[in-house]
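User: I am new to this structure and would like a close look at a single part of it. Could you take one chain, describe its build, and then turn to its neighbours?

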Amino acid sequence: MELLDPIILLQLLIDGLLAGALYALLACGLNLVFGVMRVINLAHAELMLVGAFAAYLLYHYLGWHPLWSLLLVVPMVFVLGFYLERVLIECVVGRPLLTSLLATYGLSIILLNLGLLAFTSEYKSVPELQGALVMGEFAISKPRAAAAIVSVLLTAAVFLFLDRTRLGKAIRAVSEHAQVAAICGIDVRMIRMLTFGLSAAMAAAAGVMLTMIYSFSPESGADFIQKCFAIIIIGGMGNFAGAFYGSLLLGVVEAYVGGFASSQWAEAVAYLLLVAVLLIRPSGLKGVAYAKPQV
Amino acid sequence: MTTTACGPDHILCTRDLRRDFGGVQALCGVELHVVRGSITGLIGPNGSGKTTMFQVISGMDRGATGSVMFDREEILGRRPSTIYHRGLARTFQLSHVFPDLTVLENLVVAGSRKDRSVEERALGLLGRVHLQDYAPVLGKNLSYGQQKLVEFLRVLMSDPALILLDEPAAGVNPTLRQTLWDMVRHLNGLGTSFLIIEHNMEVVSDLCSDVYVLSEGSVIARGAFDAIREDEQVLEAYFGKTREPRAGRGAPS
Amino acid sequence: MPNRKYKDLWLGTALLMLAMTAPLYVNDYYQSFLLQVFMMIALGQAWNLISGMTGYVSFGHTAFFGVGAYAGALLLLAGFPWWLAVLKGGGIALLLAIPLGLLTLRLRGPYFAIAMLGLNEVGRIAATLWTDLTHGGDGISLAPDLLPSLRTNYFSMLTLATTATLIVAYVYRSRFGLELRAIREDEEAAEMVGVNTVANKVMAFVLSALIPGAVGAVYAMYTSYINPQSVFSPALNIQIIVIVLFGGSGTVWGPLIGAGVVMVLRELLWAQFPAAHLALLGVLLLAVVLYLPGGLLSFVRARPQGRADSQVRKTP
């Protein structure tokens with residue numbers, strides 16, 4: 001059968017990994033917030049779209065290439081996230097998880113509809129990088145490749161930051177045991193603000209990259225947040241490496257389903273994977289078993 | 001230590017109970033028997049596995065292997081609510097009173113669905129500890145001691161044959177504490193068996209006819225309190241040193 | 001407290017009388033408006049049953065509404081009488097809820113919420129993809145001669161709203177409701193005192209799917225045209241959540257109050273600025289979650305409880 005041609009299989013694999021890399025940037029940010037604050041940020045995808053629309057505006061009015069926009073948008077959204085945490089998220093830290101779910105859900109609705117007011121529900125895109133690199137039998141889409149490279153670099157940078165630097169270790173300390181970290185002199189609230197800012201910045205970066213690949217509208221958040229949850233459930237909540245591998249897995253599965261069935265079915269993959277994993281192993285395949293939030 | 005077979009005069013028997021938490025052996029083959037109608041003590045240093053035992057026996061923790069026989073029936077792996085309805089109830093170390101339910105509701109929900117007079121039963125129990133006026137008070141508005149007392153009354157609603165008490169007197173003032181122990185004695189006189197985790201050795205020596213000592217997941221001693229008190233292994237577990245061969249007075253506290 | 005029970009009964013009956021006689025003196029436009037209020041009350045009370053009473057927040061409950069809408073529309077097209085289509089719409093939603101509930105309610109609260117989040121989208125995608133049955137994105141149009149009149153739809157919705165409210169009122173005072181509230185307070189402790197938490201949660205969940213299914217069917221007959229976007233609607237989702245939380249979740253009157261407020265707001269804003277309306281709902285949701293978790297009802301009806309000692313004579 002033609003479809004089982006190894007070239008096609010490999011091509012789909014490559015496409016899947018490229019998409020997965022972008023998802024990884026997004027999902028790791030969400031995971032980080034959960035790990036540090038035990039808050040599930042339902043507005044994460046909308047923060048991504050903030051980045052996307054910012055890049056769109058910069059492109060449309062100033063002609064900026066998205067890769068340049070990164071330099072402006074990412075710090076901007078970091079600051080946004082930083083203060084958002086102070087104003088909003090701090091109020092729900094330590095409260096039952098459902099409180100934070102509802103609060104961030106409210107935030108996502110606000111952002112989504114402000115976006116609709118500002119930009120209407122028309123689809124936008126940034127058709128900057130076009131075309132594909134042809135390497136032998138394979139075609140690698142340029143925008144996807146660029147997005148994937150940037151995403152991997154940023155994700156790796158965050159990982160190294162968490163692993164090697166003092167601030168990163170402080171963040172990890174807070175995510176393991178906030179009370180003990182506080183006793184050791186770590187300003188836990190500042191850490192939370194920084195973490196949320198970082199997570200928002202990662203989302204915004206993903207958003208900027210997104211503009212080159214997909215067309216998007218303020219309503220596109222729902223699909224992405226669903227992907228994030230599928231990834232995090234697969235990888236285990238709070239597990240950085242798990243989120244990374246889960247993202248790649250999702251990207252690849254979507255690519256294969258899209259290739260063999262239809263792109264509409266590919267949309268559904270995230271939901272179906274989520275349901276499948278929740279049924280088989282609620283704590284995720286790699287999981288940190290879900291622990292009760294530390295009161 | 002002689003291994004006793006599980007006989008008809010035992011209301012609870014565990015055999016080769018093991019619980020592994022990803023590398024940490026919380027229980028390493030625990031064998032424990034509670035004689036019907038007795039008050040049995042479970043003591044041991046912190047981290048020895050006492051609460052894990054309770055979690056496993058009561059069904060909250062279903063990851064253990066081995067056997068738990070309650071009234072000649074295997075209950076390992078069954079739902080906590082099923083075990084409760086069979087007649088085995090348990091209290092917690094920290095108060096788990098329902099905060100936004102009234103005291104009366106706290107008790108009624110623990111009673112049998114088919115019981116038509118469940119409210120009277122609840123009020124009766126409250127009356128025995130002079131808390132009947134607190135029936136309409138929300139759980140969160142009680143003092144800590146009162147909460148623990150209400151939690152204790154709650155498990156009595158189903159008239160259990162065996163009650164697991166996890167440090168019932170911790171954090172409770174002396175008067176209420178006394179009320180609690182009086183109730184335990186009273187119920188025991190009526191036939192209820194108890195397995196109690198306690199750190200207060202006076203209480204243990206006073207109340208318990210049989211004592212198990214747990215250390216690092218294993219039973220290291222078993223018997224009457226006075227015998228345990230002198231046991232080398234027990235003292236080492238608690239104090240980490242060998243004792244001089246002198247008759248000591250007073251229980252280690 | 002017998003006093004409050006009778007007051008509630010009087011007030012409820014009075015409102016019901018008003019609602020039943022309204023079509024006599026109110027024009028079509030307001031009948032439509034009231035119909036939508038009843039719809040929100042019914043959906044809100046149903047959501048209240050699972051999310052308010054057990055604390056297991058269901059983010060995807062509109063899926064049952066959507067399923068009921070499609071079921072109702074298709075049954076109507078197949079020749080069934082409208083009232084049977086409504087009942088079956090509810091029935092189909094209920095049947096779907098059984099396996100769904102059994103699967104997802106084994107999970108703890110937050111995992112359940114996440115699983116539910118996608119349910120609405122799954123419904124939408126399924127409706128879009130299953131073109132043989134649902135005509136996909138084109139939607140289903142119902143010819144006017146098949147449809148019951150506005151007045152009939154009005155009374156159908158009113159019946160569903162009343163039924164939903166009565167169910168919640170009954171459950172609230174029942175042993176079942178007490179067990180649900182215990183689960184909400186402390187699920188582990190509830191399990192430990194003999195409450196079969198899974199059975200109770202599934203029961204509440206399944207019960208909470210029945211009404212939205214029926215409401216969806218009536219909605220289809222009211223609007224005469226449905227498509228995946230309109231019935232598997234995230235906008236409806238947020239409205240239901242805000243209605244219940246804003247009014248007071250876990251109570252009987254909460255959704256009634258909340259529906260009133262949200263629908264009035266909607267009247268003012270929706271026609272011109274639907275996005276502004278929804279953004280405002282988001283703000284309301286935040287306000288409630290952060291500052292008034294018990295909703296308006298807790299504000300209006302503060303429980304007269306202080307420290308236990310202050311109101312009870314000292315015991316010896």
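**Chain C and its neighbours**

Among contacts in chain C between residues at least 6 apart in sequence, 78% join residues at least 24 apart, where a contact means that two C-beta atoms, placed from the backbone, lie within 7 Å. This is a predicted model, in which local features need pLDDT of at least 70 and side-chain atom pairs count only at pLDDT 80 or more, while totals for chains, interfaces and linings use all residues. Residues are numbered from 1 along each chain as its sequence is written, and chains are lettered from A and ligands numbered from 1 in the order in which they are written.

Chain C holds 17 helices and two strands, these being DSSP runs numbered from the N terminus (helices H or I, at least four residues; strands E, at least two). Of the 316 residues in chain C, 54% are buried, that is, they have 20 or more other C-beta atoms within 10 Å of their own, C-beta atoms being placed from the backbone. Along the principal axes, the C-alpha atoms of chain C fill a box of roughly 75 × 45 × 35 Å.

Turning to the neighbours, 22 residues of chain C are in contact with 28 residues of chain B. On the side of chain C that touches chain B, α9 (175-185) and α10 (187-192) each supply at least two residues, and the largest share, six residues, comes from α9(C). Two pairs of chains are in contact, and of these chains A and C share the most contacts, whereas no contact joins chain A and chain B, whose closest C-alpha atoms lie 11 Å apart.

Definitions and conventions
Buried ≥ 20, exposed ≤ 12 C-beta atoms within 10 Å, placed from the backbone.
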